[in-house]
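Dear colleague,

I am handing over the structure we spoke about, and my notes on what was found in it follow below. Please read them with the model open beside you.

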Amino acid sequence: SSYIGRNIKINKKMAKIEITKEQFTAYVKVQKSGVTNMFDLNNVKALTGLNKEQCLEIMSNYGELDKKYS
């Protein structure tokens, strides 16, 4: 497992959470807007409607999801 940011621990062995295209698109839209630091999960959750686990899943599998949905 690796550490991202201050207190966000991403464990590659976590049970995989399915991320829909709509959820990934919501995350990317906020990311591209530049309105918040994407490591500020409270803001990201509020702006995307995603929960913490979904945000962490997207963060740890961003490249894979980007290929899948682009």
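With which residue does lysine 68 form a salt bridge, and how far apart are the closest N and O atoms? In this predicted model, the partner is glutamate 18, and the closest N and O atoms of the pair are 3.9 Å apart. The two residues belong to distant parts of the chain, since lysine 68 sits in helix α4 (residues 62-69), while glutamate 18 lies in the loop between β2 (8-10) and α1 (21-33), 50 residues apart. Both lysine 68 and glutamate 18 are exposed, and a search of the whole structure finds one salt bridge.

As for the overall arrangement, the protein chain has four helices and two strands, which follow the pattern β-β-α-α-α-α when read along the sequence. Of the 70 residues in the protein chain, 34% are buried, and, among contacts between residues at least 6 apart in sequence, 51% join residues at least 24 apart.

The other point concerns the packing of α1 against helix α2 (residues 41-48), where the axes are 9 Å apart and meet at an angle of about 120 degrees; the two helices are therefore oblique to each other, and their crossing is right-handed. On the α1 side the contact is made by Ala26, Tyr27 and Val30, and on the α2 side by Val44, Leu47 and Thr48. The residues of this contact divide into five nonpolar, one polar and no charged.

Conventions
Residues numbered from 1 in each chain as written. Predicted model: local features only at pLDDT ≥ 70, side-chain atom pairs only at ≥ 80, totals over all residues. Heavy atoms only, no water. Salt bridge = Lys/Arg side-chain N within 4 Å of Asp/Glu carboxyl O. Buried < 20%, exposed > 50% of the residue type's maximum accessible area, 1.4 Å probe, protein only. Axes fitted to C-alpha atoms, helices over the stretch in contact; angles between N-to-C directions. Parallel < 35°, antiparallel > 145°, perpendicular 65-115°, else oblique. Left-handed = near helix turned anticlockwise from the far one by under 90°. Contact = heavy atoms within 4.5 Å. Nonpolar A, V, L, I, M, F, W, Y, C, P; charged D, E, K, R; others polar.
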